[in-house]
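The sequence and the coordinates come first, and the account follows.

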Amino acid sequence: MSILVDDTTKVLVQGLGSAGRFHTDKAIAYGTQMVAAVHPGRGGETERFEGETDHSGVPGRPDRYQVDVPIFDTVADAVAATGATASVVFVPPPFAADAILEAADAGLGLVVTITEGIPIMDMVRVKRALQGSATRLVGPNCPGVITPHQCKIGIMPGYIHQGGRIGVVSRSGTLTYEAVKQLTDNGLGQTSAVGIGGDPVNGTNFVDVLELYNADPATEGVIMIGEIGGSAEEEAAAWIRDNMTKPVAAFIAGTTAPPGKRMGHAGAIISGGKGTAKDKIAALEAAGVVVASTPSDMGTAMLEAMAKAGKA
Amino acid sequence: MKIHEYQAKELMKARGIAVPVGRVATTPEEAVAAVRPVVDAGGHPVVVVKSQIHAGGRGKGRFQEHPDVAGVNVVTDGLKGGVEAAEARVRQLAETMLGSTLVTVQTGSEGKQVNRLYIEQGIDIARELYVSVVLDRATGRNVVMASTEGGMEIEEVAATSPELILRETIDPALGLADFQARRLAYGLGLEGDAFKNGVRFLKALSAAAVDLDTDMVEINPLVVTKQGAVMALDGKMSFDNNALFRHPDVVAMRDLSEENPAEVEASKFGLSFIKLDGSVGCLVNGAGLAMATMDTIKQVGGEPANFLDVGGGATEENVTAAFTIITRDPNVKGIFVNIFGGIMKCDTIANGVIAAVKQVGLKVPLVVRLEGTNVELGKKILSESGLNLIAADDMKDGAKKIVELAR
């Protein structure tokens, strides 16, 4: 079991620029079912992807792959023709919000948006438009979603992942990779890993993903990686305290970040004394979460949380 | 991106938001020349001379060179001596203020040089209020915050008397509805003409925040005049950098002299860089990892000299630029390169570091930790380069090594 994506997920990619093409190729190498591409103006063409299979991904595949992905002008056409169930968005920032709305309009259940730099007001409107819709948006400005050996949607390096017992959820891309690698090295492995993104307005939050992991029978524990800015970690802490039945470990980045400065991510800023790492760590610890003191200790913190819960 | 008060008022005026009459000046002559038109337009011989810097607390701030002069000065000489007397006093103030260093609670002890003044009409203030439009991240919507406690820091009001802060969330499909604007105006105790003007002000301000893609717009104080006008006596605006591509008029207002030169240079190379006070330079990919690298350096007893995220799509050239910017800081006693390659490939980082060392030399210890995409290739390139660097097994190991070496 897993959350959000598995070996039945059929993915279409929106935006076949250099990043879209590069990561579509990597996803195919991993074994993800990339069934269509949407690029207005190129409908009717196909794009060929070929190379060496990444044997860390979906098992039992031949050593080489050659796939011709059909390109469509609209998402609706792509869904009708291929039965795609999820989309990954690489469309440049000025047009990315529109791409998300198009994917939702076509009825896709999952839209993973990798694009960094979408205007905040565009995301405010998108969030409003998606309210009450059946579409789940992950991101923007995120590394994507992966279920090891089944489906990789996004830009994470596939080979560091290993199927296992822990769910990963994070606001940061590279820190997700740190956590994943440590869980692979210490043998716990991952059920899924979800990057929710570093923007102040995003589609899916910690609590949404925690709920999914809590309900997933294969997930035995969760590691969440937060950072300064906003109050998503505090809300997660309250939810964990009241609802979570599985052990949780965490790391919060930005203990040394100066107030009032945006630390790379648009959402990583301490404003008016709110959103500090210290407050977030305190809230999580009060909810029984084991908080790692450095990112190198995330795997150990997870082991500790599992041991405390009698699941070591 | 931040702009000056006078620029914010220009943008507001163009969108039907009431602001006092004013003119900007960069020389004493321009300041003096501004007095008569401001007095004529305002119909009142009192003018205010305001320092223009990207930091708050100017009214209570003082100049390093002239500890008895404030950052904002009300000139009342015109009441008795007419416009000539006002002009003489403005000249004296402008000569003192321009080129001097203003220290406020927000500038730090080093202060900021004042290069521009804003000469503004004096206002007959009846009441001072507060209003701002900011993003509420919990709802993913803009919210209008208003308070009767004008002139105070809103964080202070929030801490001591949160019930005095009124809030209305803006539905992005509708904008601030009339009833919401009225509710705020009633809550602020506005009556008669001031009520009507207040509603108009709040609606126009909310619309401007959306049109202009502001991160934050704060009017503190928002004043009610004795004549019932409602206007922005101060105006602070900052913008969503992601949306600047659709606001060339706002981009043109950027004042590079207000920003850290190293941060400006870094931004040209697509690097996210923030200068800090420590001695360990950091070159990292990914914002979260870059922050966590600083935290780990601190954890093992060091102090980071900077935050630096080279980004996912960085080229060798970007990495070289990053390295050059870090080494230019004389406080840097050691450099920690910490990479977990995802999109970023470790060989790109390795080649960039080597190119940078060839260009600018390496006078301080260098610790490199590589992991992720093409890690073996990256390590091979570095070990064959003959560079005098120390390899680290993981992030904490690397942090310990560089902190030890940079001591």
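## Chain B as a whole

Of the 407 residues in chain B, 55% count as buried, where buried stands for under 20% relative accessible area, exposed for over 50% and partly exposed for what lies in between, with a 1.4 Å probe and protein chains only. The model is predicted, and for that reason local features need pLDDT of at least 70 and side-chain atom pairs count only at pLDDT 80 or more, while totals for chains, interfaces and linings use all residues. Residues are numbered from 1 along each chain as its sequence is written, chains are lettered from A and ligands numbered from 1 in the order in which they are written, and side-chain values use heavy atoms, with hydrogens and water left out.

The C-alpha trace of chain B spans about 80 × 50 × 40 Å along its principal axes.

## Two open sheets in chain A

One open sheet in chain A has 7 strands in the order β3-β4-β2-β1-β5-β6-β7, with mixed pairing; two strands are taken to pair if DSSP finds at least two bridges between them. Its edge strands are β3 (46–52) and β7 (136–138) of chain A, each of which pairs on one side only. On average, neighbouring strands of this sheet are turned by 25° against each other, direction ignored, the axes being lines fitted to C-alpha atoms (for helices over the stretch in contact) and the angles running from 0 to 180 degrees between N-to-C directions. Within the sheet, β2 (residues 33–38) and β4 (residues 64–72) of chain A run parallel and are joined by 2 bridges, and A:A37 stands opposite A:I71 of β4(A).

## A covered strand in chain B

Strand β15 (residues 280–284) of chain B is mostly covered, with 5 of its 5 residues buried. In a regular strand the side chains alternate between the two faces of the sheet. Both faces of β15(B) are covered, with B:V280, B:C282 and B:V284 buried on one side and B:G281 and B:L283 buried on the other. Over 5 bridges, β15(B) pairs in the parallel sense with strand β17 (residues 334–341) of chain B, where B:I335 is the bridge partner of B:G281.

## Cysteines

Over all chains, a search of the whole structure finds 0 disulfides, a disulfide being a pair of cysteine sulfur atoms within 2.5 Å. The sulfur of A:C142 lies 13 Å from the closest cysteine sulfur, that of A:C151, which is too far for a bond; A:C142 counts as buried at 3% relative accessibility. B:C282 is likewise in no disulfide, the nearest cysteine sulfur, in B:C346, being 17 Å away, and B:C282 counts as buried at 1% relative accessibility.

## Backbone details

Two cis peptide bonds may be described here. One joins A:G139 and A:P140, with omega about 10°, and A:P140 is placed in the loop between β7 and β8 of chain A. The other runs from B:N220 to B:P221, with omega near 10°, and B:P221 belongs to strand β11 (residues 214–225) of chain B.

Positive phi values in residues other than glycine include that of A:L4, near 65°; A:L4 is found in the segment before β1 (10–14) of chain A and is partly exposed, with a relative accessible area of 28%. Phi of B:D213 is near 55°, also a positive value in a residue other than glycine. B:D213 is found in the loop between α6 (192–211) and β11 of chain B, and counts as buried at 4% relative accessibility.

Methods. Helix = DSSP H or I, 4+ residues; strand = E, 2+ residues; numbered from the N terminus.
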